[in-house]
Amino acid sequence: MKHDPLTVFTPWQGPLGTMTLAATPRGLSGVWFDGQRHGPDTSAWRRDPAHPVLLAAIQQLDQYFAGRRTAFDLPLDLHAGTPFQQQVWQALRRISPGATTSYGSLSAAIGRPAAVRALGAAVGRNPVSIVVPCHRVLGADGSLTGYAGGLDRKTALLSLEAAATP
């Protein structure tokens, strides 16, 4: 996945472990758990813990984990993905807080009912964990399947959202 050469990043210690947050001039471009699959190579990025988008993301993530926020209001830069990945990531953003869907339902929702495997791969490549809620996608039978940050974190996120949603 390509990233803007002007990408900046900062580490953030969240309740589920250390995360790397990244931003480009367009907006928040990444939120990854340390050690997750498909994590970024930050070697060409500049560390900037005072970047306004990163500060806003940290504030909103703090509120989310404290149960005071269920949705995010941040500028996003999802341009690093293919057009199909971007379509999937936009569809993820439409899953309501506290709700879940299946890979099959999501692929049907974007008009690609036969593309369940490709959709699953795109969900797994979501660069903006939590903010773009890929953790809300479950297996066809409702089982917890595939989360690049680990199933323990997926379980924790879904439990947090269930508790925060009236």
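How many bridges join E2 to strand E3 (residues 27–33)? In this predicted model, the number is six, and the two strands run antiparallel.

View 1. A hairpin is formed by E2 and E3, with two residues between them. Across this pairing, methionine 19 stands opposite phenylalanine 33 in E3. Strand E2 spans residues 17–24, and because seven of its eight residues are buried, the strand is largely enclosed by the rest of the structure.

**View 2. Strand E2 and its pairing with strand E1.** Strand E1 (residues 8–14) pairs with E2 in the antiparallel sense, over seven bridges. Valine 8 has alanine 23 in E2 as its bridge partner. E1 and E2 likewise form a hairpin, with two residues between them.

**View 3. The aromatic pair of phenylalanine 33 and tyrosine 147.** Six aromatic pairs are found in a search of the whole structure. One of them is the edge-to-face pair of phenylalanine 33 and tyrosine 147, at 6.4 Å centre to centre and with 70 degrees between the planes. This pair links distant parts of the chain, 114 residues apart: phenylalanine 33 belongs to strand E3, and tyrosine 147 to the loop between strand E6 (137–138) and helix H5 (151–164). Phenylalanine 33 has a relative accessible area of 2% and is therefore buried; tyrosine 147, at 5%, also counts as buried.

**View 4. The aromatic pair of tyrosine 64 and phenylalanine 65.** These two residues form an edge-to-face pair, 5.2 Å centre to centre, with 80 degrees between the planes. Tyrosine 64 is buried at a relative accessible area of 1%, and phenylalanine 65 is buried at 18%. Ring pairs link Tyr64 and Phe65 with Trp12 and Phe72 into a cluster.

Definitions and conventions: Residues are numbered from 1 along each chain as its sequence is written. This is a predicted model: local features need pLDDT of at least 70, side-chain atom pairs count only at pLDDT 80 or more; totals for chains, interfaces and linings use all residues. Side-chain values use heavy atoms; hydrogens and water are left out. Buried means under 20% relative accessible area, exposed over 50%, partly exposed in between (1.4 Å probe, protein chains only). Helices (H or I, at least four residues) and strands (E, at least two) are DSSP runs, numbered from the N terminus. Two strands pair if DSSP finds at least two bridges between them. Rings of Phe, Tyr and Trp (its six-membered ring) pair if their centres lie within 6.5 Å; planes under 30 degrees apart count as stacked, over 60 as edge-to-face and the rest as tilted.
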